[in-house]
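Here is a short report on one protein chain. Look over the sequence and the structure first, then read on.

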Amino acid sequence: MFDKLDAVRSRYDEINRRLQEPDTVSDPAKYRDLMKDYKQLGPLVETYEAWCAARDGMEEAKQLLEEGGDAELKELARDELEENRAKMEKLGAELRILLLPKDENDERSVIIEIRGGTGGDEAALFAHSLYRMYNMYAEKKGWKTEILSVNETELGGMKEVQFSVEGDGVYSRMKYEAGTHRVQRVPETETQGRVHTSAVTVAVMPEADEVDIDINPSDLKVDTFRASGAGGQHVNKTSSAIRITHLPTGTVVECQDERSQHKNRDRAMMVLRSRLLSEKQAAQKSEIDATRRSQVGSGDRSERIRTYNFPQGRVTDHRIGLTLYKLDNVMSGDLDEVIDPLIAADQAEKLQAASGE
């Protein structure tokens, strides 16, 4: 492990040197790529240097104890020894996690698709609640969100919504939201107070750059149509809405949220690239949870990653058996208490796999 860490530190120092060279500064693409590597290696190098400092401190304390001296000095040396030993143990655990293989998409922004599944109007209302939850979480994280396409209902729900979330490391946290979310609550339209169960599907796709996916314009069928919305909202009298079909894969993307046909086309192409990238990476890695279809399942009540029980104020994540009686907080965007344990469980699984190799 330490040979690898020394190599990483050497690479980090080399990148730092190259970032200051005139030919790098004058080349935006080269500078951007090097800076990306520099930022990714930074936490690992900083933790390793802290571990080395604790190791050196422990060695100095050992030497003082071996040399003897007065009782007070020896007591200070023992305290120093134990303090640095504890630091080494803690930092060593952090290093093992930092050395785990990284998901190449973790630093990307994302496109999230939320769709109402089983439950009709109630599912659409909960889809809107999930959109609001993610929007508030993004705001707390300092991320930027933007609706790309939305299909609203008369009751204020969302049959489906696509939106982007931009920021550092968005995918590293939001990827755990992909799947079917189940809600148990009394709908506003229920006169007898009975609890209903509905389901909403969430897909989280890393945002793709143009260089990630090469799309041949001849493979695209582009249709324009008039935008429509619930209750006359967002209705255009001109054909500004865009539908793009990628003929080789049959992937269809629509965007009608903007009044400008040009903006809708740009947004639709962004979603299309992200979908194709997700499918490409799924095929390359054969990872079930990387594909959009496996993320969302069928939308049936029985397929779920998380349940939101409103009568009991309870949120349960079924993947790790986590239960929190903080439903109001979660729905207000306090998602770290759900996502952090999922990240920890994922890291523990990877550490166990690595130790068995």
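## The model

This is a predicted model, where local features need pLDDT of at least 70 and side-chain atom pairs count only at pLDDT 80 or more, while totals for chains, interfaces and linings use all residues. Residues are numbered from 1 along each chain as its sequence is written, and side-chain values use heavy atoms, with hydrogens and water left out.

## The chain as a whole

The chain has ten helices and eleven strands. Helices (H or I, at least four residues) and strands (E, at least two) are DSSP runs, numbered from the N terminus. Of the 357 residues, 41% count as buried; that means under 20% relative accessible area with a 1.4 Å probe, protein chains only.

The accessible surface is about 19,400 Å², by the Shrake-Rupley method with a 1.4 Å probe. Carbon and sulfur atoms hold 47% of that surface. Among contacts with a separation of 6 or more, 63% join residues 24 or more positions apart. A contact means heavy atoms within 4.5 Å.

## Helix H3

H3 covers residues 28-67, 40 residues in total. At 1.5 Å a residue it should span 58 Å, and its end C-alpha atoms are 56 Å apart, which agrees. The expected span is 1.5 Å times one less than the number of residues.

H3 has a kink of about 40° at Gly 42, shortly before the proline Pro 43. The bend is the angle between axes fitted to the seven residues ending at a residue and the seven starting there. After H3 comes Gly 68, with a positive phi near 85°.

## Strand E5 and its partners

Nine of the eleven residues of E5 are buried, so the strand is largely enclosed by the rest of the structure. E5 runs antiparallel to E1, joined by seven bridges. Strands pair if DSSP finds at least two bridges between them. In this pairing, Ile 114 stands opposite Val 202 of E5.

E4 (residues 179-185) is also antiparallel to E5, again with seven bridges. Here Arg 185 has His 196 in E5 as its bridge partner.

## The nonpolar cores

A nonpolar core is a set of buried Ala, Val, Leu, Ile, Met, Phe, Trp, Tyr and Cys residues joined through side-chain atoms within 4.5 Å. The largest has 39 residues; Ile 112, Ile 114, Leu 130, Tyr 134 and Tyr 308 touch the most other members. Elements giving two or more residues include E1, H5 and E5. H5 gives the most, nine residues.

Tyr 134 touches residues including Ile 114, Phe 163 and Val 202, not counting residues up to four places away in sequence. Another core lies apart, with 21 residues, among them Val 8, Ile 15, Leu 19 and Leu 95.

Note on methods: Buried < 20%, exposed > 50% of the residue type's maximum accessible area, 1.4 Å probe, protein only.
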